[in-house]
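Keep the sequence and the 3D view open as you read.

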Amino acid sequence: NTPTNGQFLSAQSGNTGGLTWADLTIPPSGNTVELQADGAIAAGKPVIITSAGKAAQIAPSIVARTTTANSSIAHTDKPDRNAGQYALAYDTTKDRVVLATEDKINIANISTGLGTTSFTLGSDYQYDSQGKQPALVFDPDTEDTYLAFRDQSSSNYGKIGGLVISGTDNTTVSCPTGYYTFHSGSTDTIELVYDTSANKIIIVYRDSTTKYYTARVAEVGSNQALTFGSEVSTGVYGDEGKMSAAYDASANRLVMCMADDDDNNKGKYVVGTVSGTSISFTSKASLIDSEIHYLNMDYHAGEQKTIVSFRDVGGGYNKLRSTVGTVGSSSVTWGSTVDFPGGYGTGANTTCVDPLTNLVFRGLVFPNDQEFYYAYASLSGTTFSTLGTNNQSSHDHSLSWENMTSTAMGNHGRIVVLAYNESATRPGLYVYDMGQ
């Protein structure tokens, strides 16, 4: 037969009669193809097929900052909230920041242009009359945000549930399915981590009674239904607030770092492996041979490394320090430990990686003057190169040293910090551009 434009030579049915010209369809079975998403993809956004055969949203072009950046400032205007525990998460699909304080949740619609300060909040949603120590995580597979907290009205049990964001400008939040109990006992030091390989939520927390740092895997079903694996102890115990965790996507492992009460609060870590709804841990190993407090962790996808920051108080040192780990199947090789620029001591601190610029943001409150200091750096292997640092006293950042948290607006190259502003007597959101 005579070919037309775009056809190709193909064997005839049953491989008889030689070759014939046929139409080309991709895929051969029809005009659609199913691909696994590489991260969250917002509706209507263009994608590319990665070298791994996955579909990834095309990131906007942005140049990583190399000079000091002041923040855009926005108080939450909620004076009835104290300086308790806070949590943040970024919904990449709806392009909204979810913020949780004790008892309440709100949705922030933050303008996305570099250097802009536009900021609106939705209505408060009271998730529990005595909800304490909230933790948030965004599930990129179901495109939902999940909240965990300590329910002080229910014997301090650990609870978790899925949130629904809706309404005008996506600033209304609710939890229509209610909350599941993940720990039927007194719970504190809660963090939520998402395992992007197993597509599971990992709840890490401290059993307040036994003091052991513990984890439990939650699987998300339809309509935000959750099923749980068994609670698994790390075998390490310690004080409240002295633990943090991050999921290392390159190694498909959970890394938990903590102060080990059984060894003078020296820094230790364990590596966790998820299988189904089960998790298993390695034996504890040394992070640093020194007493540590106030831990924070994040994963650097660009360098495929796990970062941990902590207050080193060993021998009266009292400085914020950070180290970078290369995670293997059952251990972590840690790089050199580096001081925060200026050598400041700290109470609350935060560490956050911007996935768009690959910059590492670290912030702290210096207890001596209660001013907020930050530094951001590039990372090469396990080595930081500081690009900018600033004392934010000129921005009325007189913050509580007791608690702060941060998240990356990964679609825009921005870091958002939530902390209690002592001058304004209310929580404040502070937005830092990592691009320029």
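Tyr269 and Trp334 are both buried, where buried means under 20% relative accessible area, exposed over 50% and partly exposed in between, using a 1.4 Å probe and protein chains only. A word on the source: this is a predicted model, in which local features need pLDDT of at least 70 and side-chain atom pairs count only at pLDDT 80 or more, while totals for chains, interfaces and linings use all residues. Residues are numbered from 1 along each chain as its sequence is written, and side-chain values use heavy atoms, leaving out hydrogens and water.

**Rings and charges**

The whole structure holds 11 aromatic pairs; rings of Phe, Tyr and Trp (its six-membered ring) pair if their centres lie within 6.5 Å, and planes under 30 degrees apart count as stacked, over 60 as edge-to-face and the rest as tilted. Tyr269 and Trp334 form an edge-to-face pair, because their ring centres are 5.7 Å apart and their planes stand at 75°. This pair joins distant parts of the chain, with Tyr269 in strand β23 (residues 266-275) and Trp334 in strand β28 (residues 332-334), 65 residues apart. Strands here are DSSP runs (E, at least two residues), numbered from the N terminus. Elsewhere, ring pairs connect Phe361, Phe372, Tyr374, Tyr376 and Tyr432 into a cluster.

Charged ends can also sit over rings, which requires NZ of Lys or CZ of Arg within 6 Å of the ring centre and within 35 degrees of the ring normal.

| Charged residue | Ring | Distance to ring centre |
|---|---|---|
| Lys319 | Tyr317 | 4.9 Å |
| Arg362 | Phe384 | 4.6 Å |

**A covered strand and its partner**

Strand β30 (residues 349-353) pairs with β31 (residues 360-366) in the antiparallel sense over 5 bridges; pairing needs at least two bridges found by DSSP. The two strands form a hairpin with 6 residues between them, and Asn358 in the turn has a positive phi of about 65°.

How many of the residues of β30 are buried? The count is 5 of 5. In a regular strand, side chains alternate between the two faces of the sheet. Here Asn349, Thr351 and Val353 are buried on one side, and Thr350 and Cys352 are buried on the other.

**Thr405**

Thr405 lies in strand β34 (residues 399-409) and is buried, with a relative accessible area of 16%. Thr405 and Gln85 are 320 residues apart in sequence, and their C-alpha atoms are 8.8 Å apart in space.

Conventions. Helix = DSSP H or I, 4+ residues; strand = E, 2+ residues; numbered from the N terminus.
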